[in-house]
Amino acid sequence: MTQRLHLVFGGELKDPTKNEFKDADDIHMVGMFPDYASAYAAWKSEAQRTVDDAHMRYFIAHIHRLRDEETEASPTEELG
């Protein structure tokens, strides 16, 4: 069975109408989760904790969508 990893992260945005962080060095990494349900629960907890701050935003990144494990990587990609 394929593992579907999800990363939950967030931080303060420059403008609440856009998705650009004010300080990329200050991004809050909530964690990596093995399924969407647990990632969603973590996201919801952080989003509710910061609901009064319009500039704070949390996201779920679908890590499994970033790379096709069936496709061979280039030599440079393997180094990175």
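A residue is called buried under 20% relative accessible area, exposed over 50%, and partly exposed in between (1.4 Å probe, protein chains only). By this scale Tyr40, at 36% relative accessibility, is partly exposed, and Trp43, at 25%, is partly exposed as well.

The model is predicted: local features need pLDDT of at least 70, side-chain atom pairs count only at pLDDT 80 or more, and totals for chains, interfaces and linings use all residues. Residues are numbered from 1 along each chain as its sequence is written, and side-chain values use heavy atoms, without hydrogens and water.

Helices (H or I, at least four residues) and strands (E, at least two) are DSSP runs numbered from the N terminus, and two strands pair if DSSP finds at least two bridges between them. Three strands form an open antiparallel sheet in the order β2-β1-β3. Because β2 (28–33) and β3 (56–62) each have a single partner strand, one side of each lacks a neighbour in the sheet. Strand β1 (residues 6–12) joins β2 through five antiparallel bridges, with Val8 opposite Gly31.

Both Tyr40 and Trp43 belong to helix α1, three residues apart. Their rings form a tilted pair, 5.4 Å centre to centre with 35° between the planes; rings of Phe, Tyr and Trp (its six-membered ring) pair if their centres lie within 6.5 Å, with planes under 30 degrees apart counted as stacked, over 60 as edge-to-face and the rest as tilted.

Trp43 is also among the contacts (heavy atoms within 4.5 Å) of Phe59, together with Asn19 and others. Ring pairs link Phe59 with Phe9 and Phe21 in a cluster.

Definitions and conventions
Lists of a residue's contacts leave out its neighbours within four places in sequence.
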